[in-house]
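Dear colleague,

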Amino acid sequence: MPGRLNGKVALITGAARGQGEAEARLFVAEGAKVVLGDILVELGQQVAADLCAQGGQATFVKLDVTQEEDWQRAVETAVQTYGKLDILVNNAGIFPTEGVEATDLALWNRVIAVNQTGVWLGMKYAIPAMRQAGGGSIVNISSIAGLIGSGMATAYHGAKGAVRLITKTAAVEYAKEGIRINSVHPGGVETEMLRVLSEEGRRAAMLAHPLGRFATPQDIAYGVLYLASDEASFVTGAELVIDGGYTAQ
Ligand SMILES: NC(=O)c1ccc[n+]([C@@H]2O[C@H](COP(=O)([O-])OP(=O)(O)OC[C@H]3O[C@@H](n4cnc5c(N)ncnc54)[C@H](O)[C@@H]3O)[C@@H](O)[C@H]2O)c1
């Protein structure tokens, strides 16, 4: 059976667990060769080994998305191991919940570095390889926090909002080269990231989603798969909201 990503080579950041892991597993199941990047080396290596044991093609590379040399090495790994790079999923992120006054400068700079600067660096180093491949698809993981406020997580909202617009302007810049760039805006997703919430906060957040639950990582991965695949060949600069109706209210 032909997969939806047959013949494609993808690099996914933050792929050691959570949504990135789900995307790596789905992409391999759909025929892609995947380079998994993360700072969680052991966990990432285990996921890649598991995918290979199941007959897929996957490689782990240590990638801190704030470090230019790591990006250069990750893109080189894709090209040297699998011959090219077609897809980048900028998924890595951190979620400190501090508001305006509780955020200190070091925390602010860290959140912006990982969630915003990391996305730009990823595009900067992946695009030359995609140009060589004759085009490509970049999926930047923002959040509903990039669309609306919540009264907390100031730096996170700032970075995720920036990802939305960095995506749109880059989509216009690279459209003529056949490189499509879109953002995805998940609502709450059942991953380690939401462990910062108290039990009460968790329940309230869940109920704020009209569908009455958080997303599974797979709910988001299917949207990322669509944007990454040639099925979305006329989709660029778009924002795909996958939030159980949260922002529809
Ligand atoms: N979980 C949610 O409710 C939710 C909602 C909306 C958006 N998001 C976004 O989805 C993405 C994935 O998050 P998740 O839910 O899978 O959470 P997660 O915490 O399970 O996964 C995040 C991954 O990013 C990695 N990471 C963190 N800093 C990194 C760095 N500097 N370099 C490379 N990797 C790094 C982590 O090691 C981890 O594997 C993030 O961008 C997050 O902001 C999450």
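A backbone N or O atom of L63 lies 3.4 Å from a nitrogen atom of the ligand, a pair that falls under the polar contacts (N or O atoms within 3.5 Å of each other). Taken alone the ligand exposes 830 Å², of which the protein buries 96%, with accessible areas taken from the Shrake-Rupley method with a 1.4 Å probe.

Please keep in mind that this is a predicted model, in which local features need pLDDT of at least 70 and side-chain atom pairs count only at pLDDT 80 or more, while totals for chains, interfaces and linings use all residues. Residues are numbered from 1 along each chain as its sequence is written, and side-chain values use heavy atoms, with hydrogens and water left out.

The shell around the ligand has 29 residues, of which D38, N91, Y156, V189 and T191 come nearest; a residue belongs to it if one of its heavy atoms lies within 4 Å of the ligand. By class the shell divides into 13 nonpolar, 10 polar and 6 charged residues, and α1 (18–29), α4 (105–133) and α5 (154–174) each supply at least two of its residues. Helices here are DSSP runs (H or I) of at least four residues and strands are runs (E) of at least two.

The ligand sits in the largest pocket, in the sense that more than half of its atoms lie within 2 Å of the pocket's grid points. A pocket is an open set of points on a 1 Å grid over the protein atoms alone, with protein on both sides within 12 Å along at least five of seven lines, whereas a cavity is a set where a 1.4 Å probe fits but cannot get out; lining residues have an atom within 4 Å of a point. About 1100 Å³ of space lies in the largest pocket, and of the 47 residues that line it, I94, F95, Y156, M193 and L194 are the closest to its centre. Among the elements that give two or more residues to this lining are β2 (33–38) and α6 (199–207).

The structure also holds 1 cavity of 30 Å³ or more. Its lining includes N91, V114, G118 and V119, and α4 gives the most to that lining, with 3 residues.

Best regards

Key: Polar contact = N/O pair within 3.5 Å; in protein donor to acceptor, adjacent residues only side chain to side chain. Nonpolar A, V, L, I, M, F, W, Y, C, P; charged D, E, K, R; others polar. Points joined across faces, edges and corners; volume = space filled by probe spheres on them.
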